[in-house]
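Me: Got the model up. Can we walk through it together, starting with charges over rings?

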Amino acid sequence: MTTTSPRFDGHLLTQGDPGYDAARTVWNAMIDRRPRMIVQVASITDVVAAVRLARELDLEIGVRCGGHNVAGLAVPANGLMIDLTPLNGVRVDPIRRRARVQGGALLGALDRASQPYGLATTAGNVSHTGVGGLTLGGGMGWLARQHGLACDNVVSYTMVTADGEVVTASRTENPDLYWGLRGGGGNFGIVTDFDFQLHRTGTRTLVAEFDFRAEDAVPVLEGWRDLNAVAPRQATFTADVNSTARGPIATVGFVWVGDPAQGHRLLPALRALGRPVAERVSTPSYLELQQRDDTVGGHAYRRYSSAHYLRQFPTAAIEAFLLRGESDLHTGAHLANVGLQAHGGAIADVADADAAFSHRGTMFEFGAGSRWTEPSEDDIRMAAARSAAAALDPYADGVYVNSLAADEGQRGVRRAYPAAKLARLTALKTIWDPHNVFHLNHNIRPHSQ
């Protein structure tokens, strides 16, 4: 190094130090980059010092919250990783229904702090996802149709800028920055604190899933789609197609957050869609619901995914969804798993111009994902996910920025934000980060670049 490292309240790690390898390990096991240094920050002062150190040494900055980004953008090769995970506090004010959440907290910490009061806010589907990355990209979750996206529930942000200054963004303070942080990703700075609005949600849920043979599933998915259009906001409809020993299986159902007795009223209509080969109906607590996919989200797998937003889901799209990029339901090896999650409700209540997050008229988010363990399978597994997503291209209208793969580059950014909104984001980036210090993200480039 050409300078003296500052004293940190947290820890400065370099290769060979205890904890270095654990700190650089993220959710996607394909990511095996080695930062020159990792600063595990313990205060906002540490974040400021780390940003200034990186700039003095001309090192790329990566920012880690939960490490769930499939592109592994938190881990800069030979750069400086700012590890926010020690900043993981959550303070709940049950009277004001507010939660003050530090930038390194995981979604599970927010849920565990809020649920004893019967409160919650939209917070993803996997409890070990980072609050920061999820929220800055928009933040889908089981409560979004009732209460909006995670970013719609942020009252204010505390952010460290590229110059190492600390600023607040809200509707009344730096309102343009507040607009950009609501869906613009990590382009403008490092958010160290989120002030969330909480909602009285109770603690009970219902999950219903019905399995059908894929060859019987076209009319089932047509009926499921039509039921979604009139479903109460407590229900988030889901569907997926997976390979099993019995052949390809299409699963349709919904997640209900609220009184399970009310959710049960939807079951007869779903049962009437066809003759399922299996049915699962359960009533987990909200905390259990938020953890039900945690095993699937384990950190041992190599991963790749491709995604779309769909404003409509006609029969031709249903057929393509079931085929997963193949010409026949029963051909193809290493096929990707594909899934749908319903939008609408409170998500669409917010005017599209109100925040950087876009495509609020989405009907379903589509995702094609592969996970595997052998590096020798990388190419075939990634190709399978791309092929499954390409089959839905004719019906796509945008994409969730948090679902972009690293290889989509600026094309992906243009898919995530319509041209007028991208122009406004570019202007905002030029004000807050004119030298593109924070570029290890789905990057919105300033005018100078």
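Reply: Start with Arg424. Arg424 lies over the face of Trp179, 3.8 Å from the ring centre. That label needs NZ of Lys or CZ of Arg within 6 Å of the ring centre and within 35 degrees of the ring normal.

Me: What lies over the face of Tyr301?
Reply: Arg371, at 4.2 Å from the ring centre.

Me: Ground rules before we go on?
Reply: This is a predicted model, where local features need pLDDT of at least 70 and side-chain atom pairs pLDDT 80 or more, while totals for chains, interfaces and linings use all residues. Numbering runs from 1 along each chain as its sequence is written, and side-chain values use heavy atoms, leaving out hydrogens and water.

Me: How many aromatic pairs in the whole structure?
Reply: A search finds 12. Rings of Phe, Tyr and Trp (its six-membered ring) pair if their centres lie within 6.5 Å; planes under 30 degrees apart are stacked, over 60 edge-to-face, the rest tilted.

Me: Show me a tilted one.
Reply: Trp224 and Phe237 are tilted, with 6.1 Å between centres and 40° between planes. Trp224 is in helix α7 (residues 217-229) and Phe237 in strand β13 (residues 235-244), 13 residues apart. Helices (H or I, at least four residues) and strands (E, at least two) are DSSP runs numbered from the N terminus.

Me: Is Trp224 buried or exposed?
Reply: Buried, at 0% relative accessible area. Phe237 is buried too, at 1%. Buried means under 20%, exposed over 50%, partly exposed in between (1.4 Å probe, protein chains only).

Me: Which rings are in the cluster?
Reply: Ring pairs link Trp224, Phe237, Phe254, Phe313, Phe321, Phe364 and Phe366.

Me: New topic. Which residues touch the most other members of the largest nonpolar core?
Reply: Tyr157, Met159, Leu177, Leu181, Phe194 and Tyr417, out of 47 residues. A core is a set of buried Ala, Val, Leu, Ile, Met, Phe, Trp, Tyr and Cys joined through side-chain atoms within 4.5 Å. Another core, of 45 residues, lies apart from it; Phe313 and Trp372 are among its members.

Me: And the sheet? What's the strand order?
Reply: β5-β6-β10-β8-β9, five strands in an open sheet, paired antiparallel. Two strands pair if DSSP finds at least two bridges between them. The edges are β5 (90-93) and β9 (166-170), each pairing on one side only.

Me: How many bridges join β8 to β10?
Reply: Six, between residues 154-160 and residues 190-197. Thr158 stands opposite Asp193 in β10.
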